[in-house]
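Please read the following note with the sequence and the model side by side.

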Amino acid sequence: MQEPISFFTGFNPNDLWFLGEAALKTLWISILSITIGSVMGCVFGWVLHESKSVAGIILAPILDVFRSVPLLIQLVLFYNFAPMVGLDLNPFLSGVVILTFYTASLVTNVARGGIESVETSMRRASRSLGLTYWQDLYHVVLPIGGRTVFPAWIGVVLGVMKDSALVSVLGYVELLKASQILITRTQEPLLILSIAGAFYFALSYPISLYASKFEKRWAK
């Protein structure tokens, strides 16, 4: 049995490894939710921009619910409601589902803003040069609109990564839940939370750093 670190009663190297594994779980659930949610958000943003039909009328209120209702309430309600309709989802899958739709609801406005940031005259010019509608989206709207809203999307990514801590209420042992477990056992909240904060920083800072470099390169 390993001896505790001498400076902090009850904390040992295995606990640090436990927090590291929890940080990887935080990263994994964030990657899945952000990736799928961003794709869905781009599609939803395009639908809301292009369509004034029933699809747009129905979609907008649903997305408003995900943006307006606190994420904690969404997680608890979905996790308890899913079994009633025959969905046997564990805390991880429940968290992925809600975080995905939450991400999609945020990215929808970002994507729609990116599309609308491209001037109509520029799009008409591209169509007059013989580009199809989809070629116009890919060669004109995506480069110009994407450059405009990229910082906002990075903000969504970082926000969702931090919000993933709320999945702990379902029993999923990510970084925050692991910290709570260790605090209960070791009674060292300052140490545990400091280490957890360092892990969150280690997950988030590379994204911010790379995004800043990518944005500068994109602007050239």
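1. The model is a predicted one, in which local features need pLDDT of at least 70, side-chain atom pairs count only at pLDDT 80 or more, and totals for chains, interfaces and linings use all residues. Residues are numbered from 1 along each chain as its sequence is written, and side-chain values use heavy atoms, with hydrogens and water left out.

2. Helices (H or I, at least four residues) and strands (E, at least two) are DSSP runs numbered from the N terminus. Residues 91-115 are 100% helix and 0% strand, with 35 Å between the end C-alpha atoms. Residues 136-161 are likewise 100% helix and 0% strand, and their end C-alpha atoms lie 33 Å apart.

3. Two packed helices are described by the angle between their axes and the distance between the axes. Axes are lines fitted to C-alpha atoms, for helices over the stretch in contact, and angles run from 0 to 180 degrees between N-to-C directions. Helix 1 (residues 13-50) packs against helix 7 (residues 175-186) at about 160°, with the axes 8 Å apart. Helix 1 is therefore roughly antiparallel to helix 7; angles under 35 degrees count as roughly parallel, over 145 as roughly antiparallel, 65 to 115 as roughly perpendicular and the rest as oblique. Contact means heavy atoms within 4.5 Å; among the residues that meet are Phe-18 and Ala-22 of helix 1 and Leu-182 and Arg-185 of helix 7. The contact of helix 1 with helix 7 has eight nonpolar, three polar and two charged residues. In this division Ala, Val, Leu, Ile, Met, Phe, Trp, Tyr, Cys and Pro count as nonpolar, Asp, Glu, Lys and Arg as charged, and the others, Gly among them, as polar.

4. Helix 1 also packs against helix 6, at an angle of about 135° and with the axes 11 Å apart. Helix 1 is therefore oblique to helix 6. Their crossing is right-handed: a crossing is left-handed if the near helix is turned anticlockwise from the far one by less than a right angle, and right-handed if clockwise. The contact includes Ser-30 and Trp-46 of helix 1 and Trp-134 and Trp-153 of helix 6. By class, 10 residues of the contact of helix 1 with helix 6 are nonpolar, three polar and one charged.

5. How do helix 5 and helix 6 cross, left-handed or right-handed? The axes of helix 5 (residues 120-128) and helix 6 (residues 133-163) come within 10 Å and cross at roughly 140°, so helix 5 is oblique to helix 6. The crossing is right-handed. Arg-123 and Arg-127 of helix 5 and Asp-136 of helix 6 are among the residues making the contact, which divide into six nonpolar, one polar and three charged.

6. Leu-48 lies in helix 1 and is buried because its relative accessibility is 9%; buried means under 20% relative accessible area, exposed over 50%, and partly exposed in between (1.4 Å probe, protein chains only). Beyond its neighbours within four places in sequence, Leu-48 touches residues including Gly-56, Thr-108 and Arg-112.

7. Ser-94, in helix 4 (residues 91-116), is buried with a relative accessible area of 1%. Neighbours within four places in sequence aside, Ser-94 is in contact with Leu-75, Phe-78, Tyr-79, Leu-89 and Leu-170.
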